[in-house]
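Look at the structure first, then read the points below it.

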Amino acid sequence: MEDLPEPLLAEIVKRITQTSDLNSLSLVSKQLCTVEAEYRYAIRIGRGLNPSTEALVSLFSRFPNLAKVEIDYSGWKSTDAEQLNNQGLYVLSSHCPSLSDLALSFCSYIDDTGLGYLADLKNLRSLRLNRAPAVTSTGIFRVVVGCRYLSVLYLVDCKAVDNREWLEYFGRYGSLGELVVKDCDGISQYDLLKFGAGWANLQKFEFEINGDYFTLFARDPSIVSGYPYSYDICCDSLKDLRLAHIITNEEIGLRFLLGKCKALETLYLEYVIGLHENEMISLFQRCSNLKIVSLRLRPLHYEDIEYRTALTDASLKALAVSCPMLHVVELTFAFCDPDWPTEIGFTQEGILTLIQSCPIRALLLNGASILYDEGMKCLSSSPLLEKLELVDCCSITDAGMNFIIQAPCLRSLTLRQCNKVTDNGMAELARSQKLESLTVIGCRRISLKGVRGAAKTVRYSAEFESLESLKQKFETAKL
């Protein structure tokens, strides 16, 4: 290999994607070490990073063409070694002129001064900040002004960042394609109106509030006479939308997006209070390119009579008729009482109509007490269903397992807290020898012995999972 010309060695290095393989390759010879370092475009650094200036200069000088850097201090404790600080970001910006993608997680020693150094990275296109407690809007504004090609911005748990000038500046002069704001106490859904014309370029947007969001009654400033920002906003390019834990009620808030979007392909609505069904039906009718839909709903009082989730079978019918490319669906009713199935606005028939009308490949039902074994029989006729996850579906029994295993394309089945399914149902799965993957979590009548041989890969736990942990289980993007 020593005799190979350097361009050929470089081509070999470019085709290796695993970091561990690249590290091993660099140990083979000095020549390969040099070539590998020159063409390494991405690096991920954790708590083992030496944050001294000398060590950082040595590290970043070795990889002169880095385009992507991720620094993650998750799990860091005050008794550990010191973290990367502002001086470290100065070294990074000075030695990595090609850097276009930077992610900083749990970096407690970085503040606005450090972000000011990032403004010198003229090729920076993506910045992801996850739990940067010392960063404020001043630092964000410096990056926004200095990095004119920035198109991706993630702010997660950045408590000190508020709305200030950066949103308005970005809306006027930036070209942001992705904006994610989660758990940033200083940014309300109404502040995002200041993004103005910037909405027209956005292709992905996420906004989430955690904590006791149900008690947060921020006032919509756009209803005040003379307020300079309004809902006269274009978002025709938006393809990926996620709204979580927001309240709109009589005021509009970010719900305005549901009345404007035309090109959505992915929609996540997680406990959005104030949804109007007519609004949702119109959205589904406009967005015929929808491919992934996740609806997490909780019951509320409607017209002082009904106590149910906001959407009914009319919404499912609109999805079924208008969205022929829909292939991933999640319906969660975790706050609905299984003893009162009318708290769920959908019916079993409405859900089955949707599944039978669209090319559904992955389906998650959480808290769907309205799904019975007869419904599983209908699901078994779904020609494209590959992945099924049932969480706390208390009406499903072993008979349902006997039905669902007949689904022609089913390869992955997950059961969580389905307490009417027993080892006898697992025996049906084992006899079929059909499943590639089976996950059983917290199903008290299913034993470890019962799941053996039920699929090529089996994951089993008798422990129950919290509602919070269940939120992250359905990875639709990987399908």
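**Burial in helix H7**

In helix H7 (residues 137–146), the buried residues are Ser137, Gly139, Ile140, Val143, Val144 and Gly146; buried means under 20% relative accessible area, with a 1.4 Å probe and protein chains only. The model is predicted, so local features need pLDDT of at least 70 and side-chain atom pairs count only at pLDDT 80 or more, while totals for chains, interfaces and linings use all residues. Residues are numbered from 1 along each chain as its sequence is written, and side-chain values use heavy atoms, with hydrogens and water left out.

- The cover over the buried residues of H7 includes helix H6 (112–118), strand E4 (126–130), strand E5 (152–156) and helix H8 (164–173).
- Helices (H or I, at least four residues) and strands (E, at least two) are DSSP runs, numbered from the N terminus.

**Packing of H9 and H10**

- Helix H9 (residues 277–286) packs against helix H10 (residues 313–322) at an angle of about 5°, and their axes are 8 Å apart.
- H9 is therefore roughly parallel to H10, a term for angles under 35 degrees.
- In this contact (heavy atoms within 4.5 Å), H9 supplies Glu277, Met280, Ile281, Phe284 and Gln285, and H10 supplies Ala314, Ser315, Ala318, Leu319 and Ser322.
- Six of the contact residues are nonpolar, three polar and one charged.

- The largest cavity has a volume of about 80 Å³, volume being the space filled by probe spheres set on the points.
- Residues lining the largest cavity include Tyr271, Arg296 and Thr309; lining residues have an atom within 4 Å of a point.

Methods
On a 1 Å grid over the protein atoms alone, a cavity is a set of points where a 1.4 Å probe fits but cannot get out, and a pocket is an open set with protein on both sides within 12 Å along at least five of seven lines; lining residues have an atom within 4 Å of a point. Axes are lines fitted to C-alpha atoms, for helices over the stretch in contact, and angles run from 0 to 180 degrees between N-to-C directions. Angles under 35 degrees count as roughly parallel, over 145 as roughly antiparallel, 65 to 115 as roughly perpendicular and the rest as oblique. Ala, Val, Leu, Ile, Met, Phe, Trp, Tyr, Cys and Pro count as nonpolar, Asp, Glu, Lys and Arg as charged, and the others, Gly among them, as polar. Buried means under 20% relative accessible area, exposed over 50%, partly exposed in between (1.4 Å probe, protein chains only).
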